[in-house]
Amino acid sequence: MNVPQAIALLVGKIQSDLLINVINILITIAPIFLVIILFVMFWDLWVNYVRSKQVFSTKYVVLELKLPKDTFKSPQAMEIFLQSLHNTSDGGNYAQYWKGETRPWYSLEIVSIEGTVKFFIWAEEQRKAGIMSALYSQYPEIEIHEGEDYTRSVHSDPKVTRIFGAEFEFTKNDAYPIKTYIDYGLDKDPKEEFKVDPILPMIEFLGSVPVNQQVWIQILIMAHKKHRKFKDWFNKTDPWEDGARTIVNEIMKRDPNTKVAGTRDDATGFTKLPSISEGEKEIAAAIERSQKKHPFDVGIRALYIAPKDEFNTPFGLGGIISSFKHFSSNNLNGFKPNVKKWHPRLDNPWEDFKNMRRNRYGRLALDAYKRRSYFFPPFKGTPMVMNTEELATIYHFPGSVSATPNLTRVPSKKAEAPANLPV
C-alpha cells in the first residue's frame, strides 16, 4: 500500500467514526429536542385548557343599574368608578399558567329590549360588593339589582329570528384618543338645558327600537398591562404609551433623544422653534392628557336581534354605527365596524347560498356576546386601548336632559345608599 492510499484509508476511517459519533450524539439528545418541540406545540393548548377550566368554575353575575330620577353628575363620576376597576394583577406566573388565573375583566352593557333602555354590568360574583360600593359612592340614589342574565332568553333560530353582530375598532392608532366628555364641556357640570351629551343619540336610538326587537351593546374592559416583545424584553416597551410619545414628538418636532423641540441652525448655532398649527397643538395636548389616566384593553360588540320578517338592516346596522359617530373626531380618533368580524358585506346571491353564512355569523356573534369572550379564546379579539376618560364618555348615565321615555330610572329619590351591602 502506497502513501496516498494509506492517507485515503485513514481519512475514510476518521470520517466514518465522526459520522457514527454524530449520530450517537443526535440519538442521545433527541429526547430533549422532542420535549422542547412538544412544549412549544402544546403550550398554548395547556394555557387555554387551564384558563377555560378557571373561567367555567367561576360564578358571574349580571347587575342591572336603575338610574336616579335626576342625574346631575357629570361623566367624571363614572370615570372615578371605572378607576376602581383598574386592576393589573394576574396572580403571577404560577397562578396564570398552572391555575389559569387572569386579570379580571368586566362587561359594561347598554341594552334596548323592545325600546326599554337598561344599563348592566357583568362581572365575577366575588367582585359584586366592590362594584356596588364604588357605584353607591358616586351615585347614592342608584338602585342595583342582581338578576337573571337577559341574554339567556334569546336563541339562534334562523327560521324565526335574524341576528346581526358587529365589533368595532379604532380609525387610527390607539394612542389617539376619541372625543371625550371633557371636549364637550361636561366636566364643568353645565345646567341640564345647556348640556351636549354625546351618549344621548345612542340612548335615543335604543329607545326607538320597535316591539319584538332588541339591540345590545357590550363594552368589555380589562386593565391594560405593558406587553413585552421578545426583542424588547428588557426595555418593556408598550405600543400605547410609546406610540403616543412618538406621535407627540413628531407633531412637536422634538428630538426623541434630547426631547428638545425644533432644529439646530448650523449657521447661527441656535435652535429654530418649529411652526405648529393650533390643530396640531390640540392633538398633542389631547394625547398627553390621555396618557395621564388609567388605560384599559377594550372590546366593543353590538347585536341587533329581530324576527325574520321584521328585520330592518338600515335601522339596526345604521343606528348602531351612528350611535358611535358622536365620539369621533377628524383630527383625533373614532370608531368603525371591523369588517373582518361577524358580518362582512355579501352583496351577491352566490356569495351566501340560502343565507348560510349570515346565519352562521349571527350564531357566532350571539355566542360570543353571551360568553362575554373577547380577551381569551374561544372568541379572542384585538383590543383597543382606552383610558377611563374615554370609557366614561361612551358609558355613563345621561342626565334628565335625555327625553327617552323608556330609560329605566328609579321612580323616586332615596334618602341614602343601603348600609348592608353584600359581602
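**A guided reading of the predicted fold**

Of the contacts in the protein with a separation of 6 or more, 81% are between residues 24 or more positions apart; contact here means heavy atoms within 4.5 Å. This is a predicted model, in which local features need pLDDT of at least 70 and side-chain atom pairs count only at pLDDT 80 or more, while totals for chains, interfaces and linings use all residues. Residues are numbered from 1 along each chain as its sequence is written, and side-chain values use heavy atoms, with hydrogens and water left out.

The protein contains ten helices and eleven strands. Helices (H or I, at least four residues) and strands (E, at least two) are DSSP runs, numbered from the N terminus. Among the 423 residues, 42% are buried, a term for under 20% relative accessible area, with exposed meaning over 50% and partly exposed in between (1.4 Å probe, protein chains only).

Seven of the nine residues in β3 are buried, which leaves the strand mostly covered. Strand β1 (residues 60-66) pairs with β3 in the antiparallel sense over six bridges, and Glu-64 stands opposite Phe-120 of β3. Two strands count as paired if DSSP finds at least two bridges between them. Strand β2 (residues 105-113) is also antiparallel to β3, over seven bridges, and here Ile-110 stands opposite Phe-119 of β3. The hairpin of β2 and β3 has two residues between the strands, and Glu-114 takes a positive phi near 55° in it. In a regular strand the side chains alternate between the two faces of the sheet.

Ile-121 lies in strand β3. Ile-121 counts as buried because its relative accessibility is 1%. The C-alpha atoms of Ile-121 and Leu-108 are 4.8 Å apart, although 13 residues separate the two along the chain. Leaving aside residues up to four places away in sequence, Ile-121 touches residues including Val-61, Leu-63, Phe-81, Ile-131, Leu-135 and Tyr-395.

Helix α2 (residues 76-83) packs on helix α4 (residues 128-138) at an angle of about 155°, with the axes 9 Å apart. The two helices are therefore roughly antiparallel. Axes are lines fitted to C-alpha atoms, for helices over the stretch in contact, and angles run from 0 to 180 degrees between N-to-C directions. Angles under 35 degrees count as roughly parallel, over 145 as roughly antiparallel, 65 to 115 as roughly perpendicular and the rest as oblique. The crossing of α2 and α4 is right-handed.

A second pair is formed by helix α6 (residues 239-252) and helix α7 (residues 278-290), which pack at about 155° with axes 10 Å apart. This angle makes α6 roughly antiparallel to α7. The contact includes Trp-240, Ala-244 and Ile-247 of α6 and Ile-283, Ala-284 and Ile-287 of α7.

The last stop is Gln-213, in the loop between α5 (200-207) and β6 (214-223). Gln-213 counts as buried because its relative accessibility is 4%. The side chains of Gln-213 and Tyr-304 are joined by a polar contact of 2.7 Å. A polar contact is a pair of N or O atoms within 3.5 Å; within protein, one must be able to donate a hydrogen and the other to accept it, and residues adjacent in sequence count only if both atoms are side-chain atoms.

Note on methods: Left-handed = near helix turned anticlockwise from the far one by under 90°.
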